[in-house]
Every structure is written in structure tokens, then in C-alpha cells.
Amino acid sequence: MVTTRLPSAGFSITIRIAVTADASSIGRLTTCVGEAGAIVTALDVADSDPTHVLVDLTCDTADSGHADQVVKTLEELDGVDVRKVSDRTFLLHLGGKIEVNSKVALRNRDELSRAYTPGVARVCMAIAENPADARRLTIKRNTVAVVSDGSAVLGLGNIGPAAAMPVMEGKAALFKRFGGVDAWPVVLDTQDTDEIVRIVKAIAPAYGGINLEDIAAPRCFEIEERLREQLDIPVFHDDQHGTAICVLAALTNALRVVGKHLEDVRVVVSGAGAAGTAIMKLLLRQGVGDIIAYDRKGALHRGMPDMTPTWQWLAENTNKANYSGDLPGAIVGADVFIGVSAPNLLTGDDIAKMADRSIVFALANPDPEVDPREARKHAAVVATGRSDQPNQINNVLAFPGVFRGMLDASAEEFTEEMALAAANAIAGVVGDDKLNPTVIIPSVFDPRVTPAVAAAIRAVVRGAAAPHNPAAMPEATLDEAPEESF
């Protein structure tokens, strides 16, 4: 069996294999794996004797079923004994991915007396007399809560708080790795909006910011709005704002590549839930020519029945021609396609009907809205959310720097001006000497990204010149926005 899906490091396995010690045995292994549609990423000799070689073969597969098929194909080879198969992703998660480390040494009685009782009482009283000192004298200065109820985890849906923990742990690890921010998962065993708001408000004194994560629409909008009103620290829903920032940054540079301007292009957005709504809001703020919003009920248009207030607002402020057809029809002649929805909605033939020098951002993970290999045959620029494809649009480009800047400047809220500044900063990291159709956005490992974003955020907080479009878009009503549900 050869899979049509793209192999990924997320389904990487290591297979320990004993083979006969002849000149062609190891070559037969790698050929077999390649013919099965997997990608060999490492091959190590673990042991040997005069007649056999023990090999650890590591390969990327497309999914669990494909991994099983690769192993079965190897087992059928003559002279091959598969001893053990290890799933490298599960091995990485054993025992969790984060831990707490003390910043102070406790080597003797003197240090203990200052870090804890009796010395700590003096610091407690200082904060009691001046609560603002908590930002200076506690972890609040550099700590973020990553809050989720497990109701919309990645593309997995409502799997609950315990199952959401690996994602939240990963988010915390990314905060530390890329922004130097101490973050901690706070998964809540409730999906009641009032209770979530109450709990987060109650724990907020310990944190300098709240990162809402994987909470289903429309509740995520109301939760964010109410927390922003009640807290004096930034509240940031990454599924909305982080995605929108990165998409705007990538689109800014993609338009540079194809020689078009945002105010002249027509954009089709597939997915009018949390991410899609935020993307469209930011594009409208920047003066995009036109947008057609598409969700599972069709293109959002004036006169469409049974629309929520948010869909109604989108219908009234986008889709100038009031198009009401299907997604393939919507992208005919369009300059840009942005997908934040579901896999395999379009074909290469559909992309061929877009405007000349078209741009495709197919961001559904792990399988995009259109096969990127097919899209590249017709579009000038193609981006995905996958790490194994060029032009990965990944929220890690945004949120570490956004929170780094907000914490540094003791910001009390996250604003749209910050989002625009962050997008411009990310786009600016890719200079004219580097920009091309396969490099429209910096790597998540580019060390310039977080400092640039953080500096842009600090400038906005401190009142320096900030990006602003005078034709500001009226605020959308987000209290009943639809959930992304293709």
C-alpha cells in the first residue's frame, strides 16, 4: 500500500530490525520503506555479530494505519526479524513535557530564611500595601495561564480537559522556548461560560496574562470579551488573534511576491468560525478589496436565512457581489484563497480557475483544504500549516512575541493595534533579499522573530507610532459566532 497522504514527523516510528549481514540487506530495508510511501529519516546500527546486524530504522509515516502497514511490509521480507516498534511521538510525551524549576538556590539556612519564612513576610506585606508590586516581586511579571476547556482541541473536537493537556503542555513549552515566558496549562473540567469566566477571574492574580486556547465558538468569543472587561491583564485567544496575525504577515509578503496590493484583491476564506472571523476582521481593518466568507452552509451573503449575528455582520460587510454559490465557484477569479476549515475541499483544477498569480493558504491540519502539490501547479504562492511543507503558517510566530512584549510593558489589554503591529513585524523579518514564492514568512526557529514582535508590541503599549488604518472597521458582534464545523 502506498499512501496518498503526506508523511509527517507526527507519525514517526523507530523500528528495531535484525537482518542478515550481507551487503544488500540494509538497502532492501530502505527501499521497502520508500516503496510503502514512508520517508526514512535515520538508520543506525545498534549491534552486530558475524551473521546478523541489528538496525534501528526511523521513518515518517502518514498516520497510524500507514505505520502499521510499513511494519507489516518489512516483516514480509526474507531474512528480516522486526523486534520492536516505537512510536516516537508517544515516547516524547511520557511523563509530560514541562516541569517547574526554582530560580533561586536554597543551599543553606540563610537562603531559606529569605526565600521563605521569615523574610518572605516582608515581601507579602509590601504587596498588600501596594498590589501593583505583584508584577515586580512575583511570578506575575513573566507568567501566563494557558486556559482551555477541551471543547475544540486542534482538529479533534470536544475531547475534554484531560485529553487537551498534551496540547496545553506543548503550548507552555513553546512559550518558554521562543519567548522566555513561563506558562502553565490550566485545563478546566467545565464548559459553562459563566463558570469559566468566574474561575479564570479568580486565578488571575497569579498571572500577567491569559492565553485562551481551544475553546469552541461561540463561547470563546463571549469568554474573551467578558474577561477583557473584568481583568487588568491581557486576555488573548490564540486561535483567533494568533492565527490572524500570522495570516496577515504571510499574505503581506505573498502579495509582494506576486506584485499585487491588498486593496485590489479578492479573498475567499473557507471557515467562518473563530480563526476565520478574526482573519477577516484583520484583513478588513487593513483595507482588503473584497472577501467572500464560506462555511458549511455556503457563502455568507445578504438574504441568507438562519444566520447568527456574526454571520449577518460578515454578510453585510463582505461579498460585494452577494455571491451565494459553492466554494469552487467562489474561488473562480479570486486572487487569494485562505482555508481554516477542513481537508480536501478543493482540487488542483479548482485552483487553476483562480486569477493569474494566485495565492493559496490551505491551513487545515494535518490535511489541507487542497493538496499543496496540486495547488503549486497553478498558484504562484502556496502555504500550509504543516511543518514539512514550505511556507508554514504557524501561530508560534506570533504569540510568544506578543506576550513577551505585553509582559515587558505591563500591558493591561491586547488590542487590534497590537495585532497589526505584530503582523508587520513578522512580515518585516523576511527582507527583499530573502523573499521568494517558497519563503514568504520566517521560520519559527528564526531568532529575530520574537524580539521583533515584542518590540512592536512594546511600542504600541508605550504610545509610540503604531500601525493604524483610518478606515477602521466597525466592531463585529461576536457573541454568537458559529463554530468551525466542516
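1. Two strands are taken to pair if DSSP finds at least two bridges between them; helices (H or I, at least four residues) and strands (E, at least two) are DSSP runs, numbered from the N terminus. The model is predicted: local features need pLDDT of at least 70 and side-chain atom pairs count only at pLDDT 80 or more, while totals for chains, interfaces and linings use all residues. Residues are numbered from 1 along each chain as its sequence is written, and side-chain values use heavy atoms, with hydrogens and water left out.

2. Strand E5 (residues 143-148) and E6 run parallel and are joined by six bridges. Among the residues concerned, Val146 has Pro185 of E6 as its bridge partner.

3. These strands belong to an open sheet of four, in the order E6-E5-E7-E8, with parallel pairing. E6 and strand E8 (235-237) stand at the edges with a single partner strand each, so one side of each has no neighbour in the sheet. On average, neighbouring strands are turned by 25° against each other, direction ignored; axes are lines fitted to C-alpha atoms, for helices over the stretch in contact, and angles run from 0 to 180 degrees between N-to-C directions.

4. H7 packs on this sheet and touches E5, E6 and strand E7 (209-212), where contact means heavy atoms within 4.5 Å. The direction of H7 makes about 170° with that of E6.

5. The second largest pocket holds about 880 Å³ of space. A pocket here is an open set of points on a 1 Å grid over the protein atoms alone, where a 1.4 Å probe fits, with protein on both sides within 12 Å along at least five of seven lines; lining residues have an atom within 4 Å of a point. There are 23 lining residues, and Val100, Asn101, Lys103, Ile139 and Asp182 lie nearest the centre. Helix H6 (134-137), helix H7 (161-179) and strand E6 (182-187) each give two or more residues to this lining.

6. The bond from Thr117 to Pro118 has omega near 10°, and Pro118 is in the loop between helix H4 (109-115) and helix H5 (120-129). The bond from Ala217 to Pro218 is also cis, with omega near 5°; Pro218 is in the loop between E7 and helix H9 (219-230).

7. Asn319 has a positive phi, near 55°, and is not a glycine.

Conventions: Grid points are joined across faces, edges and corners, and a volume is the space filled by probe spheres set on the points.
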